[in-house]
Amino acid sequence: MRDKLSLKPTPQQTFRLIGHGVDGDLAGRLARSREAEARGLFEQACNERYLAFQDIVEILPEDEAVELDRNHPNTLAAMEIILGSAVDNYLVGDAELAATQLELLLDCDSEDPLEATPTLALCYIALGEWDSLAEIECDVEEKMPLRPLLRMCRTFATEGSLAAEDIASLRRHAEVVAEFKASEHPTDHAYVEDISSERPSRKALARELYLRCEPAFAGIKGFIEQLSQAL
């Protein structure tokens with residue numbers, strides 16, 4: 001029986017994931033997971049991504065990292081599946097598996113075109129891996145509001161304090177400040193419609209950031225409350 005996927009080298013010393021049959025069509029499997037999610041079938045979408053991830057891992061060598069060709073559609077879909085499955089696992093509380101998936105993705109393309117690093121940073125917070133977090137903080141875009149949030153979380157967890165310069169940096173993002181000070185963060189129809197649009201509002205993006213950070217930050221006792229008061 002032919003494998004679902006095969007690994008093909010390119011002249012550029014990268015590799016492509018060549019699909020065979022329906023299960024080897026990673027772009028199609030990714031599309032099906034997104035369609036399921038759009039219909040509110042979140043468990044089905046997560047399962048679709050995780051099963052595809054397992055097939056991808058099976059074809060990748062265990063003893064060395066390979067650079068994947070993100071210009072190849074099926075290979076890019078594989079990378080997006082790994083990222084999507086990692087986010088799924090992070091959000092359901094399995095930060096360890098999510099971190100492993102994200103580290104694999106970065107091994108496959110160190111330029112991080114899919115921006116896996118921010119979620120990996122949150123996984124490190126959830127796992128209490130402060131040295132690992134410190135190593136990748138600088139890889140998060142400096143102008144992103146997540147950058148000072150990561151620093152503040154790390155210093156609060158390790159030193160019990162919040163740096164004034166980090167608070168000042170976060171205050172430049174008014175919508176994010178408002179979201180972290182809010183008592184409720186509804187994911188109602190209006191929010192879903194906004195964040196799913198081609199040009200989400202800053203308010204929706206701020207709420208998405210809060211919802212992405214909350215699973216990791218909630219494990220640091222008192223951090224969210226202290227941050228809200230400081231802002």
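**Exercise 1.** Is Glu-137 buried or exposed, and what is its relative accessible area?

*Solution.* Start with the model: it is predicted, so local features need pLDDT of at least 70 and side-chain atom pairs count only at pLDDT 80 or more, while totals for chains, interfaces and linings use all residues. Residues are numbered from 1 along each chain as its sequence is written, and side-chain values use heavy atoms, with hydrogens and water left out.

Step 1. Apply the cut-offs: buried means under 20% relative accessible area, exposed over 50%, and partly exposed in between (1.4 Å probe, protein chains only).

Step 2. Glu-137 has a relative accessible area of 6% and is therefore buried.

Step 3. Find its partner. Glu-137 forms a salt bridge with Arg-154, with 2.5 Å between the closest N and O atoms; the term stands for a side-chain nitrogen of Lys or Arg within 4 Å of a carboxyl oxygen of Asp or Glu.

Step 4. Arg-154 is in helix α8 (residues 146–159) and Glu-137 in the loop between α7 (130–136) and α8, 17 residues apart. Helices (H or I, at least four residues) and strands (E, at least two) are DSSP runs, numbered from the N terminus.

**Exercise 2.** Where do Glu-48 and Arg-32 lie?

*Solution.* Step 1. Glu-48 and Arg-32 form a salt bridge, their closest N and O atoms being 3.8 Å apart.

Step 1. Glu-48 lies in helix α3 and Arg-32 in helix α2 (residues 26–38), so the bridge joins parts 16 residues apart in sequence.

Step 2. Arg-32 is partly exposed, with 33% relative accessibility.

**Exercise 3.** Describe the aromatic pairs of Phe-180 with Tyr-210 and with Phe-217.

*Solution.* Step 1. Rings of Phe, Tyr and Trp (its six-membered ring) pair if their centres lie within 6.5 Å; planes under 30 degrees apart count as stacked, over 60 as edge-to-face and the rest as tilted. By this rule there are five aromatic pairs.

Step 1. Phe-180 and Tyr-210 are edge-to-face, with 5.0 Å between centres and 70° between planes. Phe-180 is in helix α10 (residues 174–181) and Tyr-210 in helix α12 (residues 202–217), 30 residues apart.

Step 2. Phe-180 is buried at 2%, and Tyr-210 is buried at 10%.

Step 3. Phe-180 and Phe-217 are tilted, at 6.4 Å centre to centre and 45° between the planes. Phe-217 lies in helix α12, so this pair links α10 to α12 across 37 residues of sequence. Phe-217 is buried at 1%.

Step 4. Ring pairs join Phe-156, Phe-180, Tyr-210, Phe-217 and Phe-223 into a cluster.
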